[in-house]
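Subject: Structure handover

Hello,

Here is the structure I promised to pass on. Please open it alongside this note. My findings follow below.

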Amino acid sequence: MAPYFHASYGNPSSIHEYGQEARAALDNSRDIVAGAIGADASELTFTSGGTEADNLAIIGIMRANRARGNHLITTQIEHHAVLHSAEFLEEIGCRVTYLPVDEYGQVTAQQVDDAIEKDTVLVSVMHANNEVGTIQPIEEISRVTKKNGVLLHSDAVQTFGQIDLTVDDLGVDLLTLSSHKIYGPKGIGALYVRSGTPIEPILHGGGQERDRRSGTENVAGVVGFAEAVRILLTSRDKESQRLRMLRELVRFEIERRIPGVSLNGHPTERLPNNINYSFPGIEGEALLLNLDLAGVAASSGSACSAGSIEPSHVLRAMGLDDAHLRCALRLSLGRFTTESDIAEMLDILEKTCARLQKMTANNLTSV
Ligand code: PLP
């Protein structure tokens with residue numbers, strides 16, 4: 001990325017040599033990222049991240065297809081980038097159906113089929129949930145959307161780094177990616193739009209990215225994203241296998257050492273790197289703070305809304321009661337997590353839980 005940060009580096013829209021070098025870097029990066037999902041380079045639009053890609057998919061499709069209808073179907077457990085875009089559309093006159101999920105956080109293709117109406121334009125279902133890791137049956141859902149002539153968007157921000165996927169195997173018309181979830185730089189992402197799909201831009205200006213996303217391109221970010229993709233493809237299968245084994249080890253040990261815990265999310269259809277448990281009798285925020293003091297970086301819900309002590313909309317949609325909602329903890333494993341990190345974390349977690357449970361029992365303050 002380094003050369004492209006330099007102020008003397010050209011603007012890819014410029015005709016001169018410096019600009020054309022930047023253009024070549026952009027084109028090469030687009031080939032790499034598009035190739036990784038089995039797409040054509042012309043179908044990929046770079047954005048400022050997953051959030052913007054979700055906004056462009058939802059708002060851009062509904063606006064461009066007004067003649068077909070104004071009904072959007074999504075789920076109650078989407079990332080806020082999708083949910084808040086859907087709420088925005090409701091404010092300007094669209095109808096939105098928010099499908100409920102089962103106790104594991106899953107929707108079914110049958111639910112989607114039942115919700116489709118004559119004026120449905122788009123179905124947006126995330127590939128895997130960021131909080132509980134549950135993977136949705138996108139291939140089955142795509143058979144339903146195709147049968148009904150409805151477009152399908154999926155937010156694959158969480159799965160791209162873990163699961164070998166192509167847009168044709170998934171059967172999607174739009175797919176969201178984010179660079180920082182695959183160890184690339186923050187502030188860059190992409191939206192795949194199947195060739196021939198009408199979509200309106202949400203950013204207006206100089207007409208970059210084939211008129212889909214105006215603004216001078218973040219060349220350094222794009223180059224970093226593509227390099228992260230290149231590295232990912234050399235190791236994804238093996239790394240996911242390793243994480244799956246570590247995840248099962250953590251699950252086994254948490255359930256053995258800490259009484260009363262319950263797993264959130266699907267027991268098998270889940271991301272290899274995601275662990276989410278409720279620890280009844282312990283206050284989630286206190287657990288998080290105590291773990292942080294001991295050097296364990298965990299999350300109580302979605303990192304994107306961390307800081308707010310609002311209970312997770314995902315866990316709520318899965319039907320958790322208050323006692324389980326407020327004591328949920330998410331642990332994410334990554335490329336740099338080792339077995340000895342896991343052993344250390346488990347010891348800290350066990351001791352912290354025992355201490356906090358005792359304090360709760362004695363009604364003492366916990367930090
Ligand atoms: N979608 C999902 C499922 C996410 O987990 C995230 C971020 O964590 C986003 C979208 C937002 O992506 P970005 O942070 O690149 O805007």
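The lining of the largest pocket divides by class into 16 nonpolar, 20 polar and eight charged residues. Please keep in mind that this is a predicted model.

The pocket first. Its lining counts 44 residues. Those nearest the centre of the largest pocket are Q158, H180, K181, N273 and S332. The space in the largest pocket comes to about 1,000 Å³. Which element gives the most to the lining? That is α8, with six residues. Helix α3, α8 (219–257) and β10 (328–332) each supply at least two lining residues.

Now the ligand. The largest pocket is the space that the ligand takes. Around the ligand there are 14 residues. G50, T51, D155, S178 and K181 come nearest among these. By class, the shell around the ligand has three nonpolar, eight polar and three charged residues. Helix α3 (residues 50–64) provides the largest share of that shell, with three residues.

- T51: an N or O atom of its side chain is 2.6 Å from an oxygen atom of the ligand.
- D155: a polar atom of its side chain lies 2.6 Å from a nitrogen atom of the ligand.
- H180: an N or O atom of its side chain is 2.9 Å from an oxygen atom of the ligand.

How much of the ligand does the protein cover? On its own, the ligand has 390 Å² of accessible area, and the protein covers 90% of that.

Best wishes

Technical notes. Residues are numbered from 1 along each chain as its sequence is written. This is a predicted model: local features need pLDDT of at least 70, side-chain atom pairs count only at pLDDT 80 or more; totals for chains, interfaces and linings use all residues. Side-chain values use heavy atoms; hydrogens and water are left out. A residue is near a molecule or strand if one of its heavy atoms lies within 4 Å of it. A polar contact is a pair of N or O atoms within 3.5 Å; within protein, one must be able to donate a hydrogen and the other to accept it, and residues adjacent in sequence count only if both atoms are side-chain atoms. Accessible areas come from the Shrake-Rupley method with a 1.4 Å probe; for residues, only the protein chains shown count as cover. On a 1 Å grid over the protein atoms alone, a cavity is a set of points where a 1.4 Å probe fits but cannot get out, and a pocket is an open set with protein on both sides within 12 Å along at least five of seven lines; lining residues have an atom within 4 Å of a point. A molecule sits in a cavity or pocket if more than half of its atoms lie within 2 Å of its grid points. Helices (H or I, at least four residues) and strands (E, at least two) are DSSP runs, numbered from the N terminus. Ala, Val, Leu, Ile, Met, Phe, Trp, Tyr, Cys and Pro count as nonpolar, Asp, Glu, Lys and Arg as charged, and the others, Gly among them, as polar. Grid points are joined across faces, edges and corners, and a volume is the space filled by probe spheres set on the points.
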